[in-house]
Amino acid sequence: MIAELGHFALMIALAFALLGAVVPHIGIARGNARLVAVADNAAIGQFVMVFISYAALTYSFIISDFSVMAVASNSHTAKPLLYKISGVWGNHEGSLMLWVMMLTLFACAVSLRGKYLPARFRARVLAVQSALALGFLLFILLTSNPYLRLDPSPVEGNGLNPLLQDPGLAFHPPMLYLGYVGLSVAFSFAVAALLEGQVTPLWARWVRPWTLAAWVFLTGGLALGSWWAYYELGWGGWWFWDPVENAAFMPWLAATALLHSAIVVEKRDALKSWTILLAIVAFSFSLLGTFLVRSGVLTSVHAFAVDPARGIFILGFLAVVVGGSLTLYAWRAPKLTPGGVFGLVSRESALVLNNILLSTFAAVVLVGTLYPLFVEAFNAGQLSVGPPFFEYAAAVLMSPLIVALGFGPLLAWKRGRIGRAAQILLPALGVALVAAITIYWQSIGGAVMTAFGLGLATWLTVSVFLEIAERIQLFKKPEGALSRLRGLPRASWGMSFAHLGLAVILFGITISEAWTEEDLVVMAAGDTEEVGGYSFTFRGVAPVAGPNFTAVRGFFDVARGGKTLTTLMPEDRLYTDPVMNTTEASIYPLVRGDLYAVIGEAAGAGRWSVRLYFKPFISGLWIGSLMMMVGGLLSLSDRRLRIGAPKAKRAEG
Amino acid sequence: MAGLKTRKKQRLVVASVAVAAVAGAILLVLFALGGDSLSLFLQPSAVHAKEIEVGKRFRLGGLVAPGSFVKAEDGLTYNFTITDCAADVPVSFKGILPDLFREGQGVVTEGRLNADGTFVADTVLAKHDENYAPPGTMPKNAEACTHPEGLDSGYGNSSGSR
């Protein structure tokens, strides 16, 4: 009954989406304000209905109603409550429900928060948003209905993949989806602007907070995902350049570029048509990611089950959305009035460089991700593009970005002086060179890339602080600098935090790549292994029973200089429903780095194969990501955005 | 530092930078695709047919032949045979096998052939869960396969097994 209610609510949502996608445009064409206002009601109606539907599905999962197919396939009575709830989105149908719920939530938020938008423009935005919801609702109802009933209903469900029964992964998809779907708002704003035929600085001010919010969520989603890979998969790696990871990384790159180019539109009324294009591209990457994950066209450890009908539907949807919006762009963009002129050396140019490098990187990742598809399509055999390709591209494209990142914030709008910026940054260059040379000399075997990476990270760190110092005129007029520091707008704190976060991530990557120590050994109780200056003493194993698994737990006392630091307890779990082994790494984070232990199989005579790591400063990855998110939130809370945009000049409308 | 006076000039600069970026990206892609970054995906028959040279990195996929799995003395090295039901390739792997590694099931391994014709793998990917098998592990000539236990529900249209 509850499931039917959910199903029915979803169909009503579809009707609302249809209304919301069509009626506002008619209203605008006829100048009928009441029809225009349908956009708001439809947006709210869609959200309420999808929410009811989603709640019904969640309820079915919680009470373990196995007559509902999605529940029977993915849940189990013995599962902890958290994983019953997260199990809703741990499968294809439910995750689409989550996607649509967020899509309508964002539309609802635009409707409620966007009272200061011109009614006509808001209606256009919401209509585009409704059209997107329409596509996804159709997709769910036609190919991926979560409410299909089973008759007779099974007594017990199949359970959720144990790898997904993990707190990190429970929140990874919602976070990532908020990011993916948040970009739909930027997309809708872009399409609405094209329909209306104008882009103003005001437009950028409206778009930026939404993009920023989406970016914060995307960053969080990626960070959670890599963290999960790091501790759950037990390989000690955190990023594999897997197609599905790339699918989430490309929208992030595009969103980062969009974030920066929107600043130029807002402050200088330039780069308009490029920014519109980026907004379209960023969301297209989100859709592409969805397609890649669900169509099964790519070899990936993350892919959902393969179903050609679904793949074809999404491909068609992708073609309509991307093709349609790009056609609209090609038709309308030339009519946008060109904006402010700027010098070759200026803040604008620096942001253009940022955009060029980020979008080139996104394009290269796209090529690397799709290349195997093309090769296979032309019957030239199967192959895969490995990490070296992407790492090479990252090094070549991101190094100049980081160098330029020091300069950008110090250049003035319109026309900057590179000499002045260079003068301010001289100490950063000095410190970075000293750091790089020291590292190169100290480490054995000519670690050029390590020295280079650490030099870059140092450069970025110092230049962020120099930029703050310059802004508050610390060296020119030390008195009163502190009060100027307090007076800095949150947006500028946000920028500094996010840029510093990037530096911390770079430190994390470089240091952990260069100095990770790994040992794969067979140990018997009482054996001691030395890894990274820490001694791991194996104390044997004990059986453990969890709610829906049994496990073998190993014990390792870790000591340094005779002092015991901790006991690591990795597990080898055997889940019952479905029957599956997982390894649970045990990690103890220290400031210097992570101690990491995995227990493998019994090797006979009381011996076990184990993998021990010392991963120096790998937590920099997640600390840095968190700093980026904090930076984004700080910027989002800036007064300029908080009080909303100034009264719109509706003259041109 | 001559600023750009006109919009036209600015456009010209932006356009040429964009062209340079595209050209740079193409060069970068071509350059990065060389070396070890591309690995072919082959099944055992193809390995024999193509006479893959020793030391060339590629991916080998197929079924773990039942009865072929042996753990070496050191407790860390595993030897097994990957088969596509027409040809076999012996594989050696040192490390911790993935959780779902079983005889008769599909795996994808990555590594190089050594002089004895053994595939020395440094990575082994097995089925991720019951609904999912790494694509490409289903032997092309599965009908000829004498190991019916290898053809469990994880292959082919995995959504059908739901």
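This is a predicted model: local features need pLDDT of at least 70, side-chain atom pairs count only at pLDDT 80 or more; totals for chains, interfaces and linings use all residues.
Residues are numbered from 1 along each chain as its sequence is written, and chains are lettered from A in the order in which they are written.

Within the sheet, β2(A) is joined to strand β11 (residues 607–616) of chain A by eight bridges in the antiparallel sense, and A:D519 has A:L612 of β11(A) as its bridge partner. Elsewhere in chain A, strands β5 (residues 549–560) and β6 (residues 563–568) run antiparallel and are joined by five bridges, with A:D557 bridged to A:T567 in β6(A). The hairpin of β5(A) and β6(A) has two residues between the strands, and A:G561 takes a positive phi near 60° there.

The domain assignment, whose bounds come from an automatic or database source, divides chain A into domain 1 (1–165), domain 2 (417–514 + 620–628) and domain 3 (517–616). The centres of domain 1 and domain 2 of chain A, taken over C-alpha atoms, are separated by 44 Å.

Helix α15 (residues 448–471) of chain A has 24 residues and should span 34 Å at 1.5 Å a residue, which agrees with the 34 Å between its end C-alpha atoms; the expected span is 1.5 Å times one less than the number of residues. After α15(A) comes A:Q473, with a positive phi near 50°.

A:S64 is placed in the loop between α2 (33–62) and α3 (69–74) of chain A. This residue is partly exposed because 17 other C-beta atoms lie within 10 Å, given that 20 or more such atoms define a buried residue, 12 or fewer an exposed one, and counts in between a partly exposed one, with C-beta atoms placed from the backbone. Apart from neighbours within four places in sequence, A:S64 is in contact with A:V71, A:S75, A:T77 and A:G157, contact being defined by C-beta atoms, placed from the backbone, within 7 Å. By contrast, the C-alpha atoms of A:S64 and A:C108, 44 residues apart along the chain, are separated by 31 Å.

Chain B comprises two helices and seven strands, which run α-β-α-β-β-β-β-β-β from the N terminus on. Of its 162 residues, 38% count as buried, and among contacts between residues at least 6 apart in sequence, 54% join residues at least 24 apart. The average pLDDT of chain B (the predictor's confidence in each residue, from 0 to 100) is 74, and 73% of the residues score at least 70. Over residues 146–162 of chain B the pLDDT is below 50. For the complex, the predictor gives an ipTM of 0.76 and a pTM of 0.90.

Key:
Helices (H or I, at least four residues) and strands (E, at least two) are DSSP runs, numbered from the N terminus. Two residues are in contact if their C-beta atoms, placed from the backbone, lie within 7 Å. Two strands pair if DSSP finds at least two bridges between them.
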